[in-house]
Amino acid sequence: MSKAVVAPARKYKRKSRFKEIWRRMKKNKLSMVGLCVFALFVAMIIFADLIVPYRIALEQNVWEQFAPPSVEHLLGMDQYGRDIFARVIHGSRNSLLMGIAAVFVGMIIGGTLASLAGYYGGKVDMVIMRISDTIFCIPFMLMGLSIVAALGPGLINVLIAITITAIPNYVRIIRSAILTIVGNDFIEAGRACGASDIFIILKHVAPNAVGPIIVQATMQVGTMIIFSTAFSYLGLGIQPPAPEWGAMLAEGKSYMLSAPHMIIAPGMSIVLVALSLNLLGDGLRDALDPKLKD
């Protein structure tokens with residue numbers, strides 16, 4: 001009598017969370033477009049010196065003032081005879097890194113305050129949230145201008161100003177995410193096992209709130225870039241002759257009719273990077289939302 005052949009049990013390997021998020025993101029074509037455009041700007045920051053030397057962004061040639069775009073100068077020349085293409089390339093470092101740095105610092109500070117407020121609650125929550133609400137009630141631009149006016153113009157002072165304006169957003173969003181986590185059974189189990197509050201926050205609370213943090217940070221970078229360029233446009237940010245998109249717009253505003261190429265390149269750069277980050281943030285929000293899993 002022949003024995004029945006039993007097929008071996010098929011093992012199913014669970015997909016990693018990153019691969020699952022990436023699979024859902026790829027379905028959103030606009031978010032992929034945003035990712036590609038932002039990756040192009042990041043590459044511009046990294047390889048700026050290889051694309052065009054920094055000295056060319058500062059060199060002046062009075063014989064080529066307001067020269068239109070050509071094969072030799074792709075984006076034309078400004079009122080001082082400086083190559084606009086070189087200034088846009090190297091200006092991306094100042095503009096983008098300013099926004100990224102402000103979001104990173106604001107995320108660290110806001111995330112820490114939100115974790116304390118959401119985890120402990122009570123008086124700690126009340127004090128942190130009332131301070132956050134006070135800052136949030138003041139218009140962002142007015143708050144930033146007041147801080148820069150008090151500290152003086154400059155790169156570091158603008159970074160401090162836009163970071164302070166970004167903190168309340170992180171406190172609100174991260175706190176709301178943490179409040180939905182601290183009541184779960186695994187948090188109570190950790191407390192029952194004698195785990196310290198710091199361990200529970202870093203090991204269990206923060207990783208489960210990382211989704212809203214990533215989405216907010218991605219979309220906030222574009223806003224911070226616009227704020228930093230606005231300060232430079234007003235003469236409060238990075239000072240000339242250093243290249244920066246907002247400062248380039250300020251220099252070219254007087255020549256909009258006679259030399260429109262002076263403002264088209266930095267203006268389009270600001271629009272593209274902000275739009276790409278918004279599209280990328282929308283895609284990340286949809287990919288990280290468990291309600292949208294198929």
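A residue is called buried under 20% relative accessible area, exposed over 50% and partly exposed in between, using a 1.4 Å probe and protein chains only. By that scale F66, at 30% relative accessibility, counts as partly exposed. The model examined here is predicted, so local features need pLDDT of at least 70 and side-chain atom pairs count only at pLDDT 80 or more, while totals for chains, interfaces and linings use all residues. Residues are numbered from 1 along each chain as its sequence is written, and side-chain values use heavy atoms, with hydrogens and water left out.

Most residues other than glycine have a negative phi. F66 is not a glycine, yet its phi is positive, at about 60°. This residue is found in the loop between α4 (54–58) and α5 (84–120); helices here are DSSP runs of H or I with at least four residues, numbered from the N terminus.

The helix packing comes next. Two packed helices are described by the angle between their axes and the distance between the axes. Axes are lines fitted to C-alpha atoms, for helices over the stretch in contact, and angles run from 0 to 180 degrees between N-to-C directions. Angles under 35 degrees count as roughly parallel, over 145 as roughly antiparallel, 65 to 115 as roughly perpendicular and the rest as oblique.

Helix α8 (residues 155–179) and helix α11 (residues 210–233) have axes that come within 10 Å and cross at roughly 160°. This makes α8 roughly antiparallel to α11. On the α8 side, the contact (heavy atoms within 4.5 Å) includes V158, I162 and Y170, while among the α11 residues taking part are M224, F227 and S228. By class, this contact has 13 nonpolar, five polar and no charged residues. In that count Ala, Val, Leu, Ile, Met, Phe, Trp, Tyr, Cys and Pro are nonpolar, Asp, Glu, Lys and Arg are charged, and the others, Gly among them, are polar.

F38, F41, M44, I45 and I46 of α2 meet V88, I89, S92, R93, L96 and L97 of α5. The residues of this contact divide into nine nonpolar, one polar and one charged.

M98 also lies in helix α5 and is buried, with a relative accessible area of 8%. Leaving aside neighbours within four places in sequence, M98 is in contact with R93, L155, V158, L159, I162 and S228. M98 and P68, in turn, are 30 residues apart in sequence and 30 Å apart in space, C-alpha to C-alpha.

Aromatic rings complete the picture. Rings of Phe, Tyr and Trp (its six-membered ring) pair if their centres lie within 6.5 Å; planes under 30 degrees apart count as stacked, over 60 as edge-to-face and the rest as tilted. A search of the whole structure finds four such pairs. In one of them, F41 and W245 have ring centres 6.0 Å apart and planes at 70°, so the pair is edge-to-face. F41 lies in helix α2 (residues 29–46) and W245 in helix α12 (residues 245–252), so the pair ties together parts that are 204 residues apart in sequence. F41 counts as buried at 5% relative accessibility, and W245 is buried at 0%. F136 and F140 also pair edge-to-face, with 6.0 Å centre to centre and 75° between the planes. F136 is partly exposed at 29%, as is F140 at 27%. F136, F140 and F227 form one aromatic cluster.

Note on methods. Helix = DSSP H or I, 4+ residues; strand = E, 2+ residues; numbered from the N terminus.
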